Amino acid sequence: EEDKFVDEMHALALAGETRVKMMKDGPEPYSWPLFDIRVTHTGAKQSIVHLTVSLFLMDAMSDLILRQEVSNIYRGLLTAPRERISPLMLTDEEMGLHPEAKITFRDYCFGMDTGLIKSEMYEKAKAFWFARIDSLPPGPSLPMLPLQKGSGSRFQNRHRWLEKAEWGRAVRNCAEHAVTVPAMLLACYSISLACWSGSNRFLLNILQCLRHQVHEDVNKLVGNCSSTILCDVDLRVVRDKKNKPKSSEPSLTLKEAISRVAGELSRNLEHASMSGIEVMQEMNRIRGNTFSVVAPFIFTTPIGVEAGNKFVKSRDWVFQETFFSERVPHTACVNAIKNDPSGSACASLDFVDGVFPHEVMDGMMKTYSELLDIVISEQSSDWNIAYKNLLTPSISAKPIDPDRPLDMRLMHEGFLERA
């Protein structure tokens, strides 16, 4: 038994090393393949599958399709006669696979390029966003380190798993307060950024799985059909005509913050035909900042993405996810949340390495985790208390100045100059 325990510990350590290496090394967008799959055997009948996939290849719905089909193939192999154990010897029906799509990803992209921008829906979205460009705020400004050579290509992950009972309470609390789970999660991320940036109004970039229904088989496709949408987060306390706060509370309540974010997001989703990338390009063009980063803080979640997709009806998989990390190029921080068929959920923050001090990353994760504690609390009345009264105070430090040459004057010379 002791030898077996040592072997399992060694296998788990090896799995951890494999994970770190795969997260560090790729895949890179300019070389094929854009994915990597490895397996670590942790027992006689148990293995850990490591999978890294470039976001150029797939979106959240594609991820669910692949997970479901891998699970169906695995079940088909388990139930197949021994003489037909190879996937090559089983029919698609025996492996639980859907018939091949009658549209390719290329067809979808071509249809989008030629059809969407000429549609009335796109013109309405364009008018909506162009009317708002001058009033949109910048992204949140967190304390930053001096610019370092090589920074921007690696990430540091902070994450927290919510057990089945905790995630269940979060969902029930959302239902009790009549808010959606994604809106609640976006509000938690927004509040964390507000606490550590010192600003209560800023622009966030939301990665969404938006598949325009140009064909009946669109939801069968495996490809990157995702888009972005901007969200003007405003957590400022309401003020009167004399610019005085109408409330004596130091901040909004959690429920008020969720309501603010949900209202803005809902309004913007109605005009999602024009992507956030297009809006940001236009913002830079108007402001004369062609290469400026507009909204480098990302929020994304696949929760609810399968709604209305008859090809992904459930998350009945043969495996359980134990770790995930989502990293988007040209960003500062990515907040991603996934729920698991087991009933648990994982929330992660991925910061670009070498950009933020460790105190800021750890502090923001602590604030975010405290907000999750409020969300999963059995005392859902906490949602109606000003969130700043429930959180550990954060220090909104100024960005760290780069190194400067030392002033070589003697100490008393400064006093003499001012005498």
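## Glutamate 326 and its surroundings

Leaving aside neighbours within four places in sequence, glutamate 326 is in contact (heavy atoms within 4.5 Å) with Leu207, Thr300, Val334, Ala336 and Asp350. The model is a predicted one, in which local features need pLDDT of at least 70, side-chain atom pairs count only at pLDDT 80 or more, and totals for chains, interfaces and linings use all residues. Residues are numbered from 1 along each chain as its sequence is written, and side-chain values use heavy atoms, with hydrogens and water left out.

Glutamate 326 sits in the loop between β6 and β7. This residue is buried, with a relative accessible area of 16%; buried means under 20% relative accessible area, exposed over 50%, and partly exposed in between, for a 1.4 Å probe and protein chains only. Between glutamate 326 and isoleucine 337 there are 9.3 Å in space, C-alpha to C-alpha, and the two are 11 residues apart in sequence.

## Overall composition

The protein contains 10 helices and 8 strands. These elements are DSSP runs numbered from the N terminus: helices are H or I runs of at least four residues, and strands are E runs of at least two. Of the 419 residues, 43% count as buried. Among contacts between residues at least 6 apart in sequence, 75% join residues at least 24 apart.

## The open sheet

An open sheet is formed by 6 strands in the order β3-β8-β7-β6-β4-β5, with mixed pairing. Its edge strands are β3 (155-162) and β5 (226-234), each of which pairs on one side only. From one strand to the next, the twist averages 20 degrees. Strands of a sheet pair through backbone hydrogen bonds, either parallel or antiparallel; two strands are taken to pair if DSSP finds at least two bridges between them.

Strand β4 (residues 201-209) and strand β6 (residues 297-300) pair in the parallel sense over 2 bridges. Asparagine 205 has isoleucine 298 of β6 as its bridge partner. Helix α7 packs on the sheet and touches β4 and β5, its direction making about 140 degrees with that of β5. Helix α5 (residues 164-176) lies across β3, β7 (333-339) and β8 (345-352), and runs at about 85 degrees to β3. For such values, axes are lines fitted to C-alpha atoms, for helices over the stretch in contact, and angles run from 0 to 180 degrees between N-to-C directions.

## The β1-β2 hairpin

Strand β1 (residues 35-43) and strand β2 (residues 46-53) run antiparallel and are joined by 8 bridges. The hairpin that links β1 to β2 passes through 2 residues. Within this pair, aspartate 36 stands opposite threonine 52 in β2.

Proline 33 is located in the loop between α1 (2-25) and β1. The peptide bond from tryptophan 32 to proline 33 is cis, with omega near 0 degrees.

## The nonpolar core

The largest nonpolar core has 81 residues, and those with the most contacts inside it are Met184, Tyr189, Ile191, Leu235, Phe297, Tyr368 and Trp383. Such a core is a set of buried Ala, Val, Leu, Ile, Met, Phe, Trp, Tyr and Cys residues joined through side-chain atoms within 4.5 Å. Helix α6 (residues 181-197) gives the most to this core, with 13 residues. Tyrosine 368 touches Cys188, Tyr189, Ser192, Asn335, Ile337, Ala347 and Leu349, residues up to four places away in sequence not being counted.

## Helix packing around α6

Helices α6 and α7 (residues 254-269) pack at an angle of about 110 degrees, their axes lying 8 Å apart. They are therefore roughly perpendicular to each other; angles of 65 to 115 degrees count as such, those under 35 as roughly parallel, those over 145 as roughly antiparallel and the rest as oblique. The contact is made by Ala183, Met184, Leu186, Ala187, Ser190 and Ile191 of α6 together with Leu254, Ala257, Ile258, Val261, Ala262 and Leu265 of α7. By class, this contact has 11 nonpolar, 1 polar and no charged residues. Here Ala, Val, Leu, Ile, Met, Phe, Trp, Tyr, Cys and Pro count as nonpolar, Asp, Glu, Lys and Arg as charged, and the others, Gly among them, as polar.

Helices α5 and α6 pack at an angle of about 105 degrees, with 9 Å between their axes. The contact is made by Trp167, Val171 and Cys174 of α5 and by Val181, Met184 and Leu185 of α6. Alanine 178 lies in the loop between α5 and α6. Although not a glycine, alanine 178 has a positive phi of about 60 degrees, and it is exposed, with a relative accessible area of 69%.
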